[in-house]
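These are my notebook entries on one structure. I looked up how its parts touch each other and wrote down what I found.

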Amino acid sequence: MATAPTGAADRPDGGFRLRPYIRFLFGYDLQEISHIAPTMTVLDWLRLTKRHLGTKEGCNEGDCGACTVVVVRPDQGRLIYRAVNACIQLVGSLDGSQLLTVEHLKEDDGTLHAVQAAMVEQHGSQCGFCTPGFVMSLFAFSKLSGPSPTDQAIDDALSGNLCRCTGYAPIVRAARQACASVTSDRFDRNAAATLARLEAFQDEATVQVGDSSGIFHAPATADALAEILVANPQATIVAGSTDVGLWITKQMRDLPVLVWIGRVRELRALDDGGAAIEIGAGVTYSDAREVLALHYPDLGELIRRLASTPIRNAGTIGGNIANGSPIGDASPSLMALGATLHLRRGGERRSMALADFFLAYGKQDRRPGEFVERITVPKPTRADRFRVYKISKRFDQDISAVLGAFWLRLDGDRITDVRLAFGGMAATPKRAAAAEQALRGRTFDAAAVAAAKTALTDDFSPLTDMRASAGYRLRSAQNLIERLHLELTHPDIETRLVGDKALAHVQG
Amino acid sequence: MSRVERIFPHAATLKSGVAASLPHDSAGRHVTGEAVYIDDMPEPEGMVHVYVGLSQRAHARLVDVDLSRVRSAPGVLAVFTAADIPGDNDVSPQHLHDEPLLATDRVEFAGQPVFIVAAGTRLEARAAVRLAAITYDDLPSVLDIDAAKATGKLVTTPMTLARGDAAAALAAAPRRISARLQIGGQEHFYLESQIAYAVPGEEDDVTVYSSTQNPTEVQHMVSVTLGVPAHAVTIEVRRMGGGFGGKETQCSAFACYAALVAKRLKRAAKIRPDRDDDMVMTGKRHDFTMDYDLGFDDDGRIRGVDMTFAAKCGWSADLSGPVTDRALFHADNCYFYPAVRAVSEPLKTNTVSNTAFRGFGGPQGIVGAERLIEEIAYATGLDALDVRKRNFYGKAGRDVTPYHQTVRDNIALELVEQLERDCDYRARRAAIRAANAGSPIIKRGIALTPVKFGISFTLTSSNQAGALLLVYTDGSVQINHGGTEMGQGLYVKVAQVVAEVLQIDISRIKITATTTGKVPNTSPTAASSGADLNGKAAEAAALTIKERLTTFVAEKWNVREDEVIFLPNRIRIGQQEVPFADVVKQAYLARVQLSATGFYKTPKIHWDRKAGRGRPFYYFAYGAACTEVAVDTLTGEYRIERVDILHDCGRSLNPILDIGQIEGAYVQGAGWLTTEELWWDGKGRLRTHAPSTYKIPAFSDRPRIFNVALYDGQNREESIFRSKAVGEPPLPLGVSALHAISDAVASVADYRHCPRLDAPATPERVLDTVDRMRAAAAKA
């Protein structure tokens with residue numbers, strides 16, 4: 001790999017300053033890379049280029065966690081440690097960060113890191129292949145958990161790591177021991193220096209690297225992004241690469257022009273100060289969860305469940321919307337909340353109700369060169385009720401068979417307005433117009449529930465696939481309306497198996 | 001301070017012998033990423049990457065296989081088809097010639113290997129295989145058990161077990177039920193996919209590093225397909241990233257591809273399928289249906305039973321014969337059947353060839369037995385646990401299995417009653433039933449199910465093992481044996497045996513990679529037999545060394561042999577004590593042989609399959625689990641809230657590792673019966689071929705309360721230090737999860753109807769069953 005020049009060049013045409021290399025810390029070693037395939041994954045770079053072989057490939061699609069690494073970024077004077085799946089992260093997206101792998105954790109004298117020691121002492125490894133991934137997830141967790149985390153917090157931290165040998169019991173014990181025993185490690189001792197180095201990496205330049213297979217653009221501003229996309233209307237926009245990563249690793253698609261939005265400052269903004277919540281297209285689930293949970297507790301719970309921690313650390317709400325998956329969980333949820341989508345092409349901007357964005361299977365109302373800039377989510381009034389229910393074979397880290405998102409505005413027990421949106425029920429995320437009609441203006445009673453359940457059969461003709469049959473999808477979707485009714489009317493009845501079960505009966 | 005304590009201040013007593021809870025020998029390397037798996041080995045200059053091109057059709061004639069675009073793809077060095085195989089184009093483990101390494105004129109499942117390509121990089125090889133243009137002439141395909149039953153085509157000879165007159169007993173029984181149980185298959189989902197890496201040697205020689213549970217068979221397959229003697233082929237494996245049976249036979253083809261390319265191109269060659277391809281290409285746990293006809297009395301005692309176990313075997317026999325046999329061997333579980341007939345139907349389908357998976361058919365047999373118990377419980381209104389106890393094997397007259405082996409080591413009742421007390425089963429069951437009456441949506445359920453698992457390969461010849469023990473002049477020791485390490489901790493257990501016999505610290509014992517070059521003709525590490533067989537072989541080798549040293553010492557120091565006593569890290573010779581290493585050094589100088597082989601064959605076992613009689617199992621391992629669940633009756637979702645397990649490992653060689661096996665097996669068993677669903681589309685294509693679609697238990701699926709204890713006992717037979725095998729027996733503990741869900745579901749019809757909840761009990765299947773129960777309740 002060619003080493004990059006040390007300075008950034010101004011473009012002769014007077015556009016944005018270019019930096020023709022990416023730079024990041026690999027452990028404490030500075031990497032400056034200009035010549036690299038835009039689709040090179042972090043895992044392949046580690047294993048094939050660097051021959052750092054501690055990080056394992058289990059599934060190559062971000063679902064097993066064997067390849068978990070930790071990416072460290074500066075944020076308001078602190079270092080933020082995030083576990084991500086190396087197999088679907090692109091090397092270009094490491095720009096400005098510190099990459100830590102399992103090899104980095106030991107002290108120079110060979111002493112194991114507290115999380116490693118805990119895994120040994122609690123017998124948390126058997127075949128050992130998933131172990132480096134668990135160690136890295138635990139390492140990231142130990143940086144934010146405090147000494148006695150809840151079971152739920154441990155579960156969430158390790159939701160993206162599959163183990164086929166241990167049944168997880170010893171790993172829970174290791175997690176508890178690790179959190180209780182972590183004191184200051186080598187990374188803490190070096191934190192100030194690391195922070196200074198990483199902060200010095202942050203600049204306004206547009207990064208552009210590549211090789212004969214294509215180009216990787218990483219603009220730092222929305223204007224630069226807009227210009228690149230106008231010039232390259234067929235470019236593939238990458239946010240968290242939790243979907244594009246699979247186009248690369250599984251579909252082996254040629255993606256000659258990639259534009260990564262992770263550096264774009266404006267798109268990373270999350271604004272909760274006004275009448276509505278404004279979510280930039282580059283905001284990750286992890287970053288958005290707390291704010292959304294504050295206004296809509298059920299949305300917080302959904303974000304907890306819709307993906308593992310490493311996926312939530314990379315994946316963005318904007319990306320989930322923009323790629324239009326019929327089984328994405330964010331879109332129906334935000335449709336039910338009446339969200340507005342803001343798009344931009346060049347200097348031209350437009351907005352639309354999120355529901356209008358989805359035209360047909362795999363087809364969204366996004367023109368070449370256009371990108372999602374942000375999403376506006378209204379805040380709730382006291383009269384509003386919101387519930388979202390995800391049904392999948394497994395509670396964590398599974399794609400929904402059915403997702404039902406329900407927003408009601410109540411006047412006493414009368415429904416003055418309603419939005420019901422579903423995922424997994426049609427070729428796109430879709431509102432249930434007939435069922436809404438059956439509820440709107442009515443008292444929310446058993447008869448209304450029955451009418452809405454019947455109306456759902458007019459709204460949807462779902463498919464049978466490996467996740468669920470058409471019959472199950474329809475029946476469980478109908479039953480979710482029953483659950484909604486029970487939760488809003490019968491706080492004494494238990495309706496949930498996981499998460500904060502008290503959320504079932506939140507008023508508002 | 002004695003002299004010995006001065007020399008070995010920390011080792012005056014041995015802390016690393018048998019029964020010590022030592023950590024896994026590789027644990028420190030696992031957590032640092034320093035444990036080397038095959039894909040982590042150094043790659044020599046010029047190494048090529050191999051990939052395999054797969055059939056897209058379930059059953060078709062190959063009209064034309066146009067590989068011209070593959071050959072000209074970037075980086076491609078060579079493309080090989082069946083015509084390029086120098087030896088026999090067959091990797092069927094039983095040599096039935098029903099499993100070609102590469103397809104010739106037709107394909108029999110979607111995913112069957114058709115050709116292989118070698119390229120400079122793995123990415124190039126993967127990309128190239130997609131360029132094949134294959135013209136198929138589709139043939140009718142048989143995709144499930146019902147369709148296969150209609151054709152009647154079997155992959156191997158079925159078996160019948162019979163004792164007494166089942167038909168007469170059924171006819172005379174006061175009560176009788178017949179129905180069907182369906183049990184799904186299971187993907188192994190070892191975290192490390194299949195992989196093989198071959199390095200060519202001179203003449204015919206080749207060394208293959210293979211992620212295999214079965215080095216000898218891989219050696220044999222490579223030698224047969226290359227057409228070279230076995231002595232030219234060396235197979236080595238240090239560790240696997242999980243096996244679970246999935247690397248007992250399914251690893252062979254990959255080793256053969258790598259070896260073929262390595263020999264043809266005279267370069268090192270590696271093949272590692274992507275996860276999706278691995279899951280599409282390799283066999284899984286067998287799906288079964290059990291049709292049963294059950295006769296019993298009003299007290300819940302079984303009078304007679306007739307069972308047919310039909311298995312979806314896939315396109316070739318693989319291990320389906322012994323797998324379906326073992327299903328029958330476990331169709332009794334812990335229960336005495338006064339009259340019984342059990343029949344296997346190993347059916348041929350145009351799907352991937354199903355194979356070994358932890359339990360090897362046994363768990364399916366046990367699920368079948370437990371369904372019978374459940375039927376009786378709902379029919380009589382008895383607590384299922386009471387039905388279980390009433391039907392346990394007992395004294396003479398109630399102690400003979402359907403295969404005419406007498407159960408002599410039965411501890412089922414004592415073990416179950418201990419667990420029943422320890423987990424407070426009765427009170428919790430009553431509390432759950434009371435609470436369910438007041439909870440319209442979330443229903444809880446509880447079930448306590450036992451396991452009896454037969455230990456030994458049912459193919460008697462497989463019950464043998466060898467070991468090679470090397471003692472070096474510094475007193476350090478190397479132990480080699482035929483067992484493979486897939487995470488279960490076999491290596492450390494065998495090393496503990498050697499440490500115990502020689503009374504030396506385990507740090508003085510090197511645990512080496514398993515290689516066919518050191519111990520030949522080994523059995524697969526399967527059937528839970530790893531520690532039993534290899535531990536005994538290693539013990540024999542260590543005893544040989546110990547005897548030689550004893551003889552030598554007695555002569556040299558002029559004492560009687562009974563005055564030579566092996567103490568921790570030293571030998572007491574009459575009145576003095578000499579460090580082990582010093583004795584070894586002296587023995588070398590006196591020209592005493594310091595290497596030894598050990599051999600073991602399991603005694604007492606024999607099996608006549610045609611007659612359905614014998615003693616296939618040396619002993620039985622027992623266990624029981626009590627699972628509590630909560631079920632959402634609106635959606636069919638559920639959670640395992642608590643499990644209590646009591647399991648019998650005899651006198652455990654390593655209690656902490658055994659507990660780890662039990663915890664892991666329970667979760668794997670529960671996953672099999674709940675969320676793990678294999679789903680093929682109408683064209684016979686597996687659509688659950690990655691973790692995004694195939695859902696093994698994740699972290700939060702483990703029971704929040706997870707109590708595991710070892711039963712205090714020892715093996716009645718003279719197994720290695722009176723321990724019991726632990727790999728497979730705990731897997732069917734997961735059956736209690738299925739029955740706990742079933743118990744919760746039954747509540748919606750006031751426990752008056754047997755839910756007959758099939759497996760896997762996905763949320764969809766649970767909701768279906770809830771709705772069926774509600775309909776039954778409404779009708780009644």
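How many residues of chain B are in contact with how many residues of chain A? I found 87 residues of chain B in contact with 83 residues of chain A, where contact means heavy atoms within 4.5 Å.

Before going on, I noted that this is a predicted model, in which local features need pLDDT of at least 70 and side-chain atom pairs count only at pLDDT 80 or more, while totals for chains, interfaces and linings use all residues. Residues are numbered from 1 along each chain as its sequence is written, chains are lettered from A and ligands numbered from 1 in the order in which they are written, and side-chain values use heavy atoms, with hydrogens and water left out.

**Entry: chain B against chain A**

I looked up the buried area (the accessible area, with a 1.4 Å probe, that two parts lose on being put together, summed over both). For chain B and chain A it is about 6900 Å², with 56% on carbon and sulfur atoms. On the chain B side, B:V31, B:L191 and B:F699 lose the most area to chain A, together 12% of what that side buries.

I then looked up salt bridges (a side-chain nitrogen of Lys or Arg within 4 Å of a carboxyl oxygen of Asp or Glu). The count between chain B and chain A is 20. I checked the pair B:D40 and A:R47, whose side chains meet in a salt bridge at 2.6 Å, N to O.

Which element gives the largest share of the side of chain B that touches chain A? I found α18(B), with 7 residues. Helices (H or I, at least four residues) and strands (E, at least two) are DSSP runs, numbered from the N terminus.

**Entry: domains 1 and 2 of chain A**

Chain A is divided into domain 1 (18–103 + 191–260), domain 2 (106–184) and domain 3 (266–505); the bounds come from an automatic or database domain assignment. The C-alpha centres of domain 1 and domain 2 of chain A lie 25 Å apart. Their contact takes 18 residues from domain 1 and 14 residues from domain 2.

I read the area buried between these two domains as about 1200 Å², of which carbon and sulfur atoms give 68%. In domain 1, A:T68, A:Y81 and A:V102 lose the most area to domain 2, together 39% of what that side buries.

How many salt bridges are there between domain 1 and domain 2 of chain A? I counted 0.

I also noted that β4 (68–75) and β5 (78–85) of chain A each supply at least two residues of the domain 1 side that touches domain 2.
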